[in-house]
Every structure is written in structure tokens, then in C-alpha cells.
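Subject: Structure handover

Hello,

My notes on it follow.

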Amino acid sequence: MTIPVRHDPSRISFASDNYAGAHPEVLAALAAANGGHQSAYGADAYTSALPEVFAPLFGDGIEVYPVWNGTGANVVGLMSLTDRWSGVICSDVAHINTDECAAPERVGGLKLMTVPTEHGKLTPELVAREARGFDDEHRAKPEVLSLTQSTELGAVYTVDEVKALADYAHGLGMSVHMDGARIANAAAALDVPVRAFTRDAGVDVLSFGGTKNGMVFGEAIVVLNPERVRGVLYLRKLATQLSSKTRFVSAQLEAMVADDLWLRSAAHANAMATRLAAGVADIDGVEITAPVDANAVFVRLPRTVVDAVQPHFPFYLWDESDPHRPVARWMCSFDLTEDDVDAFADAVRSAAS
């Protein structure tokens, strides 16, 4: 039986990098892993190899746990670092706070202690607002600092910024978690080894993203400091994040890391965002509102432009507090071409004229 194509493959979107399909190299890896039988629930050859596969990125002595999705990676990673009375300090716009349907609270049993930020970036001074009351039985004990790299507003933490935050948190006895749903975009933007702004900078547990960067499904919890965690194997199962055929997540992760596919794909997405920002920068009524550090472009634009362009090139509105000039988020994915980006910019320009 041939499955019908139920969508228009020529239609592109700037709504989310999740909208993109799978990278051909990832699909080839899935096909290669499909032959024969392998042990289930992570006891397969592909999953067993992951620490060795990821070692060139993060060094030896790490642990790698494949999971279904980014929410699962974040929740299980945070649970492994915390107690039942723990609090997690994060940005007010962190994905764990705004887009995970209270999973950290309901599944992880955690208290999120949010701090208002500019472009989603925390500083030690901002963290200090909630990093208090460690011996106060009447409030959750701050035990984890969670950073998002790159942030929900497209900004990227530098190596020094991550290190300053990790040093501050560790000095208070806290652990450091990094939501790396777009870790590849950050690495491509910084143009430094990913270890420099993760393990070497003091990050203890990393959610390593893959789906937004060309995988069909799946992410990984990368434990960079095993001394900080406990019970990841059990927590992953408890949180319904252990797939029976784990080899198909692990094979995709290996395909991403091998030959730097993860970095190549992210660098291309970043370049498309830079091109898009340049293509609309001189349009009257269009204002870029956040740094274009990675693969996101945030713009304030007239509602008339939104209404004219959105049906043809889908994108999300981030802030509609001004209904006449909302802020839109334009995300660029690994499979966009320069022609795709130029066509979108031309559509915006035409609608604004």
C-alpha cells in the first residue's frame, strides 16, 4: 500500500523549526538500524554506544539517556537533580515555565522560581532574587538553576556568561541544568566547542535537542557531572520517557553527532535567520525586537502585514499586547533555502508597501 501525501511539500513555514521534516541522513540512519532484532528498552547496541558517540563533544565519563521529547528531557533531568522540596530557578520565559503544561510541577513535583529577564537571559544578579531562604522550611529550597541555550527569545549565552552563572549557583550548593533544545544553534553561533559552554563552564545536566534540528523524534539527557544526579534510569521510566525500541532514538542521535550533522544543520538555520533579518531590516513599519543570535527573528510589524502574509507563510505571534503592531516570531529550520527566505522577505515587503 502506498500512503498518500496529505500535505503540500512545497509549502514552507516560519512558525517553528519543529515544522520541518527529517534530515535525509537521519532517515538513512533509521533504515540502517531497522534490520534484525535488538534488545528493547535501551539494552541495544546503538544506545550502549552513545557515551562513546558523545565523548568527542563532551569528554569521557558522561552518561547519555535517550528520551522521547524535550519536555521529557527537561523534566527527568531536573528530577534527577532535586528532592521533593526543591525549587528550580529559571527565566520567566523559560520553556519549562511557559510551554510544558506544568509538567515540571505536575510530573516532577517541582517549584519553578521564575525571574523576569531581558531576551530570556539570566545573570547572577537576577538569580539572586530567588536564590535565598535555603534554610527556610516555609518555601521551596532553590537547588537547581536552569538555563535555556539558546533562549526562547533567540539570545545566546556566551561561555563567560554560562560560567559566571554556574560558578554562582555552585557556590550556593545548587546544580546547573541547561535546556539545550537548540543547543546546536548556540554552538554554531558561538563557534566554539560545545563543551566550552556546557561541561567546562559548569553545567551538570544537559537536555540535548535533536527534533528541532532534523530528527524525527527524540532528545537526550546528557549527564555531564554524574556525581550530581541520582536515579535517572528509574525516573526516565517513571516519567514515561523510556521507549521500548530505544535504538531508533539512539540511531538518530548518532547520525546527528557523526560528521557534525547537528552543527552543519544548525549553522545553516542560523544563516537563514541572519539573511531574513537583513532582508526585512529596511522595511517601513518592521522593527527587529531581539538579537538575532541563532535561528530566530523577532519582529514588530503592522497587523495588516500579518494578515496578508501569515496565510501563505505560517508564523506565530509572540506578543499581541499591541493588537495593531504585534510581535511575531520567525523561526528558521535546517531545510530552508535562500530562495525560501527571500520569497518570505519579499512577501513582507510587498504587504508593507
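Phe14, Phe313, Phe315, Trp330 and Phe344 make up one aromatic cluster. Rings of Phe, Tyr and Trp (for Trp, the six-membered ring) are paired if their centres lie within 6.5 Å; planes under 30 degrees apart are called stacked, over 60 edge-to-face, and the rest tilted. The model is predicted: local features need pLDDT of at least 70, side-chain atom pairs count only at pLDDT 80 or more, and totals for chains, interfaces and linings use all residues. Residues are numbered from 1 along each chain as its sequence is written, and side-chain values use heavy atoms, with hydrogens and water left out.

Aromatic pairs

Searching the whole structure gives 13 aromatic pairs. In one of them, the ring centres of Trp68 and Phe217 are 5.6 Å apart with the planes at 40 degrees, so this pair is tilted. The two residues are 149 apart in the chain: Trp68 sits in the loop between strand 1 (63–67) and helix 4 (70–79), and Phe217 in the loop between strand 6 (205–208) and strand 7 (219–223). Helices (H or I, at least four residues) and strands (E, at least two) are DSSP runs, numbered from the N terminus. Trp68 is partly exposed, at 38% relative accessible area, and Phe217 is partly exposed too, at 28%. For these classes, buried means under 20% relative accessible area, exposed over 50% and partly exposed in between (1.4 Å probe, protein chains only).

Phe313 and Phe344, both in the cluster above, also form a tilted pair, with 5.3 Å centre to centre and 50 degrees between the planes. Phe313 lies in the loop between helix 13 (303–309) and strand 10 (316–319), while Phe344 is in helix 14 (residues 338–352), 31 residues apart. Phe313 is buried at 14% relative accessible area, and Phe344 is buried at 0%.

Cores and helix 3

Which residues touch the most other members of the largest nonpolar core? They are Phe54, Phe58, Leu122, Leu145, Phe208 and Val222, out of 48 residues in that core. Helix 3 (residues 50–58) supplies the largest share, five residues. A nonpolar core here is a set of buried Ala, Val, Leu, Ile, Met, Phe, Trp, Tyr and Cys residues joined through side-chain atoms within 4.5 Å. A second, separate core has 25 residues, among them Ile283, Val286, Val305 and Val309.

The buried residues of helix 3 are Leu50, Val53, Phe54, Ala55, Leu57 and Phe58. Their cover includes helix 2 (45–48), strand 1, strand 6, strand 7, helix 11 and helix 12. Beyond its neighbours within four places in sequence, Phe58 has contacts (heavy atoms within 4.5 Å) with Val194, Arg195, Thr198, Arg199, Leu206, Phe208, Val222 and Leu224. Gly59 follows helix 3 and has a positive phi, near 95 degrees.

Backbone points to check

Two residues other than glycine also have positive phi. Cys101, with phi near 50 degrees, is in the loop between helix 5 (95–98) and helix 6 (103–106); Cys101 is exposed, at 78% relative accessible area. Asp260, with phi of about 55 degrees, is in the loop between helix 11 (247–257) and helix 12 (261–280); Asp260 is partly exposed, at 36%.

The peptide bond from Gln149 to Ser150 is cis, with omega near -5 degrees. Ser150 belongs to the loop between strand 4 (141–148) and helix 8 (159–171).

Regards
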